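Let's take a friendly walk through this structure, from the whole chain down to a few single residues. Keep the viewer open as you read.

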Amino acid sequence: MSEASLGAALAPVDKPRLSPWDFWGRVLVAPYLVIFVVFVLYPVLYGLWLARHPQSYVQLFDDPIFARTAVNTVIFLVVGINLKMVVAMVLSGFFITARWWIKALSALFILPWAVPSIPTILSVRFMLNPEWGVINTLIFQLTGLDGPNWLNDPTLALSFSMLMHIWKSLPFWTLILIAGRLSIPTEQYEAAAVDGATGWQKFWFITWPSMRTLYLTSTILSMIWTLGDFNSVYLLTGGGPADLTHVLATLGIRYLRLDQVDLAMASIVVALPLVLPLVYFMMKRLSK
């Protein structure tokens, strides 16, 4: 090896300098990383650390309120989500019709999803008040009878919580399914009409095969979001009466009020066996 080549090999190699694009990219990403670590990663790890004791889960499972909460959560997911998605599918077929009054009605239909949740749910709670609520006042004016105490019956209270959730989120999922319907070529429906297909046959052989993946993915995603829906139950019923309408998203507040932080964290961790399979199936479907 010549002296020139040896010198070139031993010469220090300059490190590549960051381009302005890379530099500002890292600067703009840094605040997000800080916020993610402080407000997401640290609380999650700290919560898992608080819920690490096996005795916390023994106490949690021995609490009869937890058993009722688990049942309420399953009812909320199975009944509420499926009812919401079926209604959204039906309404998507209605709002896709090209008529001016349907377009005007769709603007009103989107309002429940657009308005803030807290004042909306508190307004419904006021309407259901047994003494001065709008509903019982109207019942008394029409019939002369006192209306029921809506939120003091566990079944009615949980049912109204599900209806509140459905009413708030139904416009969003209807819009998602409308977008799915718009992606189906109209030629398929025209050909089916020429062959004499009925409306049900068009749905079953054209609409549903084209939207099945979107519908199932939306259902799974809605279940994941509903597991964390705190407002629909807590703002309307507060978990009452007698803590009989709690779901997993609100049960932790009950334990925090009782100064049982370890049980509060454990009640959140036990939701992971429900969340993780849903996330897995959703990602598997999206990968297709």
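## An exposed aspartate

Asp259 is exposed, with a relative accessible area of 65%, in a model that is predicted. This aspartate sits in the loop between H13 and helix H14, which spans 261–269. Look at its backbone too: although Asp259 is not a glycine, its phi is positive, at about 60 degrees. As background, most residues other than glycine have a negative phi.

## The loop between H12 and H13

Another stop is the loop that links helix H12 (231–237) to helix H13 (248–257), where you will find Pro241. The peptide bond leading from Gly240 into Pro241 is cis, with omega near 5 degrees. In general, most peptide bonds are trans.

Ala242 belongs to the loop between H12 and H13 as well. Its phi is positive, about 55 degrees, and it is not a glycine. Is Ala242 buried or exposed? With a relative accessible area of 62%, Ala242 counts as exposed, because the cut-off for that label is over 50%.

Now turn to helix H11, residues 199–227, which holds Ser218. Here the relative accessible area is 4%, so Ser218 is classed as buried, the limit being under 20%. Which residues does Ser218 touch, leaving aside neighbours within four places in sequence? They are Met85, Trp173 and Ile176.

The side chain of Ser218 also has a polar atom 2.8 Å from the backbone oxygen of Leu214.

## Leu91 and its partners

Leu91 is part of helix H4, which runs over residues 64–95. Not counting residues up to four places away in sequence, Leu91 is in contact with Phe109, Leu170 and Thr174. Pro171 lies 80 residues from Leu91 along the chain, yet their C-alpha atoms are 9.2 Å apart.

## The chain as a whole

Stepping back, the chain has 15 helices and zero strands. Its radius of gyration is 27 Å, whereas a compact globule of 288 residues would come near 19 Å. Along the principal axes, the C-alpha atoms fill a box of roughly 110 × 65 × 30 Å. Of contacts between residues at least 6 apart in sequence, 71% join residues at least 24 apart.

Of the 288 residues, 34% count as buried. The accessible surface is about 18,200 Å², and carbon and sulfur atoms make up 71% of it. As for charge, there are 18 positive and 15 negative side chains, with the centres of the two sets 7 Å apart.

How values were computed: Residues are numbered from 1 along each chain as its sequence is written. This is a predicted model: local features need pLDDT of at least 70, side-chain atom pairs count only at pLDDT 80 or more; totals for chains, interfaces and linings use all residues. Side-chain values use heavy atoms; hydrogens and water are left out. Helices (H or I, at least four residues) and strands (E, at least two) are DSSP runs, numbered from the N terminus. The radius of gyration is taken over C-alpha atoms; the globule rule is 2.2 Å times the number of residues to the power 0.38. Buried means under 20% relative accessible area, exposed over 50%, partly exposed in between (1.4 Å probe, protein chains only). Contact means heavy atoms within 4.5 Å. Accessible areas come from the Shrake-Rupley method with a 1.4 Å probe; for residues, only the protein chains shown count as cover. Lys and Arg count as positive and Asp and Glu as negative; His and the chain ends are not counted. The place of a charge is taken as NZ of Lys, CZ of Arg, CG of Asp or CD of Glu. A polar contact is a pair of N or O atoms within 3.5 Å; within protein, one must be able to donate a hydrogen and the other to accept it, and residues adjacent in sequence count only if both atoms are side-chain atoms.
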